[in-house]
Amino acid sequence: MSPVLKLIAQRIALGILLLFAVSVLIFAGTQILPGDVAQAILGQSATPESLANLREELGLNDPAWLRYMHWLGGILQGDLGTAMSSGQDIATSIGSRLWNTLFLAFWAAIVSIPLAIILGLLAVRYRNGWVDKLISGLALASTSFPEFFIGYVLVYFFAVKWQIFPGISTVYDGMPFGERMMAIALPATALTLVVLAHMMRMTRAAILNVMQSAYVETAELKGLSAFNVIRRHAFPNAIAPIINVVMLNLAYLIVGVVVVEVIFVYPGMGQYLVDHVTKRDVPVVQAVGLIFAAVYISLNIVADIGAIVANPRLRHPK
Amino acid sequence: MAKAPSRRRSTGEGGTLLDIRNLKIEATVYPPGEAPRKVTIVDNVSLTLQRGKVLGLIGESGAGKSTIGLSSMGFGRGGVRITGGEVILNGRDIMKGSIADFRKLRGNEVCYVAQSAAAAFNPAQRLMDQVVEAALEHGNAKRADAEKRAVALFKKLGLPDPENIGKRFPHQVSGGQLQRVMTAMALCSEPDLIVFDEPTTALDVTTQIDVLAAIKDAIRDTGVAALYITHDLAVVAQVADEIMVLRHGKLVEWGDTRQIIQEPRQEYTNALVSVHHIAHQEKKPGKDPVLSVKNVTAAYGGGVIKVLKNVSVDIHAGQTLAVVGESGSGKSTLARAITGLLPPEQGTISFAGKPLPGRLADRNKDELRQLQMIYQMADVAMNPRQTVGTIIGRPLEFYFGLRGKQRDVRVAELLDKIEMGKGFIDRYPAELSGGQKQRVCIARALAAKPKLIICDEVTSALDPLVANGILKLLLELQAEESVAYLFITHDLATVKSIADSIAVMYRGEVVRYGPKSDVLKPPFDAYTELLLSSVPEMEIGWLEKAIKTRRMESAGN
């Protein structure tokens, strides 16, 4: 087997192992949370008998490891369990919300990743000049503001004052594409502003690091234009760290949207998670946590694989 | 965009190609804790180069050789600026051109061959793409024609499998081959001038000779002119028609090759020509060796890659064992095994009669103290944020518990020993020259009062005159402190100057071992002969003679 395939197989196997470890942690974590689901469902006035009955019914009296096995067994068969608060199947309710979150993350990524890389390249091309300083300054400023602040500023100007975009991002099934895009314009912008600087700064640093190397001088002494030097010789060698930071930010776009979704009342995973945390709905919290972990781990695997594939020494062994 | 003057191709016609007049090059330096100031790197240097001729630029580091070479392409490395004089190439002053004009001549009229081809190739691109890139960029040839030309050049430069070597990536080719590919890259756009910047310095002597011969043939057959930059007079004597000696950015002497090496007129040139002569009387081995390596076998990758095979050598108190061989022969691995960084799989290492634990972690403080190391790169072997006093004082505190005044007195003594004086005590490494840095490393090793110091290529990164000073210092210190040296080097001239016994290593084995006089006395085994005959000699025509009389090729090919 070629070393690249071997490394990739290793990464995937490690990722799966990690996911199992995370599932144990999530399960254990929700077990030590204070509060009692039966109590939460029935309220303060419930009699001890009805509480005991409900606990029996929900299987809360089984030992923890048995409940974990049941839970894990269900997940492996695609059954995420039922929400305690509403009695609905979790997989069904998550389905459309996960899709909404991915939709938002996708468009935020489509805008932010190329923008960050192009800004990074421009900053390198005009390094230490005013273009570089302006780009870095604006990007850092946008990252330094917390996302709820950016969110409310966007709402204030674009929704309240100028009334270009809706302030509340309601989406529903069968919504026309154009309207849907209008609805996510503001949350997607807020997310873009949050992740932009990190990727742009990393692109700049990675390429500047490569620009010090002897082969970039060789390229300059071949009479190539500054842009070609960066595009052909610097960028391909800076790709691994850039992929890494892009993937980290992509993961953040999916996993870290909680605050932005709540601000814009966007019916995604984050909103769903927050709703059910307040209701102490443990199965939902577990399921959402596991899905977030899976997204995070798989994007990091993609980053690892990208870095492996970008390395000519691994792709073309001696 | 200004229109570039039309190119005149050098088709054997004579005439001046490059005429540099009163060149002045400056840079701004930012010394730590001081205001930035301007320094003059090249001061009032003039030279002319005829078409098809080779001019050697020689001098120590800081002489401005590379800076002058790059000025022929209008290029200043780092913050270097050409501030005065004219650079007339093909009849026009290139310094009057725009950035676009510079771009048109770089990689087109003038090409560059860098010192370390391994670093100068883009690791992410195939060799062929990089070799033809300049020719395509300047519209000199269509891709198919440029590739055909590249293959022809690969063949001329003696590269194996010339048809397919271009499909490889830089890491798939050896250092010597890469240097030849780089030469092919420079020749591919059919320039009028090539700047060779120490093209063989990073190579083993045994590889250097092949690359040198390939470069020389290529220059002769293509009729390209060249500026050949090196610090090694013996190397430049093989390829150059004329030699220019530079020092501190100023011209010292300029003449034809024969005159410079046979009748140097300036004292400095004379010093360069007669550099490697230290008379060293070989000492007879004593009874009990201070370090004895017996049948040591060591491997990397859990025993998969054997790097030392059954190595046995002895070092006697107050004497020097030189370990020579090309890169990859296991010299430095032997040092790693002795210091405990790579525990041997088999065999024993004993120190003053007692066996040393194989692993570094199992050795006690006194065993560590007795054995010190000095490295090739003095730069990176010191913490840049510590002063010389702290660096030398550290082993005094660690091994002897000296503090305060006692420590300072001892540091001053050591600074005296390395001929630097206690004025250096609060300097930082960045403020020292290469030779001074290496002296500080020597003082740090001596501070532990060791019985043995392992010197790993300690003079390889230094200029010949400075290196000579270091060797003399090491010999004096040996006489005073009766410390033994294990001296790892690929430079046979150094070996002749300081060794008492010699071990020649080849592919992990000791192929020849004994007192210096025996090892250097014929009859030789094939490898030792190759090593000895590959050391450039300051003699015109040496290269051709050496190539003709060789019996074997180096392992690097």
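Colleague: Which strands form the open sheet in the order that includes E2 and E1 of chain B, and what is the pairing?

Modeller: In this predicted model, the open sheet has four strands in the order E2-E1-E4-E5 (chain B), and their pairing is antiparallel.

Colleague: Which strands stand at the edges there?

Modeller: The edges are taken by strand E2 (37–50) and strand E5 (92–93) of chain B. Each has a single partner strand, so one side of each is left without a neighbour in the sheet.

Colleague: How many bridges pair E1(B) with E2(B)?

Modeller: Strand E1 (residues 16–29) of chain B pairs with E2(B) over eleven bridges, in the antiparallel sense. As an example to find on screen, Asp19(B) stands opposite Thr48(B) in E2(B).

Colleague: Let us move to the other open sheet, with E12 of chain B. What is its order?

Modeller: The order is E12-E11-E14-E15 (chain B), an open sheet of four strands with antiparallel pairing. Strand E12 (305–316) and strand E15 (354–355) of chain B are the edge strands, and each pairs on one side only.

Colleague: How many bridges join E14(B) to E15(B)?

Modeller: Two bridges join strand E14 (residues 346–351) of chain B to E15(B), and the two strands run antiparallel. Within E15(B), Pro355(B) is the residue that stands opposite Ser350(B).

Colleague: Now strand E7 of chain B. How many of its residues are buried?

Modeller: Five of the five residues of strand E7 (residues 193–197) of chain B are buried, so E7(B) is largely enclosed by the rest of the structure.

Colleague: Which way do the residues of E7(B) point?

Modeller: Leu193(B), Val195(B) and Asp197(B) point one way from E7(B), while Ile194(B) and Phe196(B) point the other way, and all are buried. In a regular strand, side chains alternate between the two faces of the sheet.

Colleague: Which strand is joined to E7(B) by four bridges?

Modeller: That is strand E6 (residues 110–113) of chain B, which runs parallel to E7(B). Val110(B) has Leu193(B) in E7(B) as its bridge partner.

Colleague: And which strand is joined to E7(B) by five bridges?

Modeller: Strand E8 (residues 225–230) of chain B is joined to E7(B) by five bridges, and these two strands run parallel. Here the bridge partner of Leu193(B) is Ala225(B) in E8(B). Between the two strands, the chain crosses from E7(B) through helix H7 (residues 205–222) of chain B to E8(B), and this β-α-β crossover is right-handed.

Colleague: Over to chain A. How many helices and strands does its secondary structure come to?

Modeller: Chain A comes to 14 helices and zero strands. Its C-alpha atoms fill a box of roughly 85 × 60 × 35 Å along the principal axes.

Colleague: What share of chain A counts as buried?

Modeller: Of its 318 residues, 34% count as buried. Among contacts in chain A between residues at least 6 apart in sequence, 72% join residues at least 24 apart.

Colleague: At what angle do H5 and H12 of chain A cross?

Modeller: Helix H5 (residues 90–125) and helix H12 (residues 269–278) of chain A have axes that cross at roughly 130° and come within 8 Å. That angle makes H5(A) oblique to H12(A).

Colleague: Which residues make that contact between H5(A) and H12(A)?

Modeller: H5(A) contributes Arg97(A), Leu98(A) and Thr101(A), and H12(A) contributes Met269(A), Gly270(A) and Tyr272(A). By class, the residues of this contact divide into three nonpolar, two polar and one charged.

Colleague: Why is H9 of chain A described as largely enclosed?

Modeller: Seven of the eight residues of helix H9 (residues 214–221) of chain A are buried, so H9(A) is largely enclosed by the rest of the structure. The buried residues include Tyr215(A), Val216(A) and Leu221(A).

Colleague: What covers the buried residues of H9(A)?

Modeller: The cover includes helix H8 (177–211) and helix H10 (226–255) of chain A, together with E6 and H3 of chain B. Just after H9(A), Gly223(A) takes a positive phi of about 80°.

Colleague: Finally, how many residues of each chain are in contact with the other?

Modeller: 23 residues of chain B are in contact with 16 residues of chain A. On the side of chain B that touches chain A, helix H2 (99–105), helix H3 (117–120) and helix H4 (127–137) of chain B each supply at least two residues. H4(B) gives the most, with three residues. By class, that side of chain B has eleven nonpolar, seven polar and five charged residues.

How values were computed: Residues are numbered from 1 along each chain as its sequence is written. Chains are lettered from A and ligands numbered from 1 in the order in which they are written. This is a predicted model: local features need pLDDT of at least 70, side-chain atom pairs count only at pLDDT 80 or more; totals for chains, interfaces and linings use all residues. Two residues are in contact if their C-beta atoms, placed from the backbone, lie within 7 Å. Ala, Val, Leu, Ile, Met, Phe, Trp, Tyr, Cys and Pro count as nonpolar, Asp, Glu, Lys and Arg as charged, and the others, Gly among them, as polar. A residue is buried if 20 or more other C-beta atoms lie within 10 Å of its own, exposed if 12 or fewer, and partly exposed in between; C-beta atoms are placed from the backbone. Two strands pair if DSSP finds at least two bridges between them. A crossover is right-handed if, with the strands pointing away from the viewer, the path from the first strand over the helix to the second runs clockwise. Axes are lines fitted to C-alpha atoms, for helices over the stretch in contact, and angles run from 0 to 180 degrees between N-to-C directions. Angles under 35 degrees count as roughly parallel, over 145 as roughly antiparallel, 65 to 115 as roughly perpendicular and the rest as oblique.
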